[in-house]
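Please look at the sequence and the model together before reading on.

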Amino acid sequence: AREMMKDGRWSRYGVEDGKAKGVRIDGFTEGSYAEEYAKTRGIQAGDIIMTVNGRLIDGAATVNELFGSGDAWAAGKAQVEVERSGKVQVLSYSVK
């Protein structure tokens with residue numbers, strides 16, 4: 001499985017008591033797999049990925065686990081909760 005965060009710049013967001021409330025996408029390596037993957041799903045630099053299908057995203061390992069393994073798409077659809085410009089949005093995807 002490809003590592004989603006390998007070619008991206010990210011940081012844990014809202015860390016309290018060692019636990020993060022999400023992962024902030026700070027940017028991507030131009031032309032990388034991660035950049036293309038994010039673009040096709042509407043994820044932008046500056047977004048804070050908070051949950052995927054209700055599962056808290058607390059670090060890059062969780063992002064890689066869900067997206068890299070395909071678990072995020074196992075049900076044929078995915079809902080990604082992101083904070084963008086201070087507003088929470090839900091990005092929904094269908095997988096055929």
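## Overall composition

The model is predicted. Its protein chain holds two helices and six strands. Read from the N terminus, these elements follow the order β-β-α-β-β-α-β-β.

## Burial, surface and contacts

The protein chain has 96 residues, and buried residues make up 42% of them.

Among the contacts in the chain with a separation of 6 or more, 45% are accounted for by residues 24 or more positions apart.

## Strand E5 and its partners

Which strands pair with E5 in the antiparallel sense? One of them is strand E3, residues 48-52, which pairs with strand E5, residues 77-84, over four bridges. In this pairing, Ile48 stands opposite Glu83 in E5.

Another antiparallel partner is strand E6, residues 87-94, and eight bridges join E5 to E6. Here Gln79 stands opposite Ser92 in E6. As a general point for reading such strands, the side chains of a regular strand alternate between the two faces of the sheet.

## The hairpin of E5 and E6

Strands E5 and E6 form a hairpin with two residues between the strands. In this hairpin, Ser85 takes a positive phi near 55°.

Note on methods:
Residues numbered from 1 in each chain as written. Predicted model: local features only at pLDDT ≥ 70, side-chain atom pairs only at ≥ 80, totals over all residues. Heavy atoms only, no water. Pairing = 2+ DSSP bridges. Buried < 20%, exposed > 50% of the residue type's maximum accessible area, 1.4 Å probe, protein only. Contact = heavy atoms within 4.5 Å.
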